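Thank you for asking me to look over this model. My comments follow as numbered points, each of which can be checked against the coordinates.

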Amino acid sequence: MSDYSFKNNYPILKISIVKEKLSVPVWVIIDTGSPYTIIPNEMLNKLGLGNEDIITKITIHGVVHKEECAVEAPAYLLQIRISEKSLEKTLVVGYDFGSRFGLLGHNALVNFQLFVDWRQKMVKLRSLTG
Amino acid sequence: MVEEILIEEKSLKEMKHLQSPEQEGRNKVLFYEHHDRQNLRELYIMREQITIGENMNDMEWFKEHLPQLREKYESKLVAVLDGEIIAVGDDLEEVARIIERKKRDGEIKGIPYTGRVGDDIAAVHIPSVYV
């Protein structure tokens, strides 16, 4: 499996969440409907994140399993690696919506041109800033 | 005979059943029972809530002070720690960077709560997710 794929017609790609020397690979859905990047807490725990790493807690509102919900969630500023590009201090929200996938939201996508070809099942992210 | 009762703060924990679900978990609540000395048939309970920053859940503080926050920060993201506003911005990432700088400089310690000032306090909306 390459770093780009499709899962149930969702375009997904593999990114890495980084804290110091630790790096955790995470599959994320490219979500143009999400303003921020959201990673399952289980994945974030693998980085050894503690309370001291939580920047703030927020209320997150969304649709999970077809039901609307509002929950409190931790927000971090972490390094994200997407392909060869490294995004420093990017806002990452820890939230479990019942899957092993995260969401790659606007705050990361703004650094790329995004191409999605559903017929060819192809995703491309092209870095905007080199 | 009904005696006038002033319930001490230390006994409030034993009186959770008197608190509404919304009030449950709040830090300091004083209950006073009063009766009319002239007419002992009347008995009513007055609840007075005293909110303080120390140990108070910042999300509860945020909700409690939303009317005041709306006067000055409508539609803004506001971060609150121990009942004090520590950062304001339009974007969560912007607010997060302010908080991070203040933590790094030792100005604040702890985990603040950040909410959107408005009818809906959620800082993040994910309208599209169904996995």
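**Notes on the two chains**

1. Strand 4 (residues 77-81) of chain B pairs with strand 6 of chain B in the antiparallel sense, over four bridges; strands here are DSSP runs of E with at least two residues, helices are runs of H or I with at least four residues, both numbered from the N terminus, and two strands count as paired if DSSP finds at least two bridges between them. Within this pairing, B:Ala79 has B:Thr114 of strand 6 as its bridge partner. Strand 6 (residues 113-116) of chain B is covered on both faces, with B:Tyr113 and B:Gly115 buried on one side and B:Thr114 and B:Arg116 buried on the other. A residue is called buried if 20 or more other C-beta atoms lie within 10 Å of its own, exposed if 12 or fewer do, and partly exposed in between, the C-beta atoms being placed from the backbone. In a regular strand the side chains alternate between the two faces of the sheet.

2. On conventions, this is a predicted model, in which local features need pLDDT of at least 70 and side-chain atom pairs count only at pLDDT 80 or more, whereas totals for chains, interfaces and linings use all residues. Residues are numbered from 1 along each chain as its sequence is written, while chains are lettered from A and ligands numbered from 1 in the order in which they are written.

3. As to the overall make-up of chain B, its secondary structure comes to three helices and seven strands, arranged along the sequence in the pattern β-β-β-α-α-β-β-α-β-β. Of its 131 residues, 20% count as buried. Among the contacts in chain B with a separation of 6 or more, 46% are made by residues 24 or more positions apart, a contact meaning that the two C-beta atoms, placed from the backbone, lie within 7 Å.

4. Between the chains, 24 residues of chain B are in contact with 30 residues of chain A. On the chain B side, the elements that contribute two or more residues are helix 3 (92-104), strand 6 and strand 7 (124-126), and helix 3 gives the most, with five residues. By class, this side of chain B has 17 nonpolar, four polar and three charged residues, where Ala, Val, Leu, Ile, Met, Phe, Trp, Tyr, Cys and Pro count as nonpolar, Asp, Glu, Lys and Arg as charged, and the others, Gly among them, as polar.

5. Helix 3 of chain B deserves a separate comment: it has 13 residues and reaches 18 Å from its first C-alpha to its last, close to the 18 Å expected at 1.5 Å a residue, the expected span being 1.5 Å times one less than the number of residues. Its buried residues are B:Leu92, B:Val95, B:Ala96 and B:Ile99. They cover an arc of only 100° around the axis, which puts them on the same side of helix 3 of chain B; the arc is that of the directions from the helix axis to the C-beta atoms. The face turned away from this buried side carries the exposed residues B:Arg101 and B:Arg104. After the helix comes B:Gly106, with a positive phi near 75°.

6. Which residues touch the most other members of the largest nonpolar core? Of its 53 residues, these are A:Ala75, A:Val93 and B:Leu92, a nonpolar core being a set of buried Ala, Val, Leu, Ile, Met, Phe, Trp, Tyr and Cys residues joined through C-beta atoms within 7 Å. Strand 6 (residues 67-82) of chain A gives the most to this core, with six residues. Leaving aside residues up to four places away in sequence, A:Val93 touches A:Tyr36, A:Ile38, A:Ile58, A:Ile60, A:Ala73, A:Ala75 and B:Val124.

7. Strand 9 (112-117) and strand 10 (122-127) of chain A run antiparallel and are joined by six bridges, with A:Gln113 and A:Arg126 among the bridge partners. The two strands form a hairpin with four residues between them, and A:Lys121 in the turn has a positive phi of about 50° although it is not a glycine.
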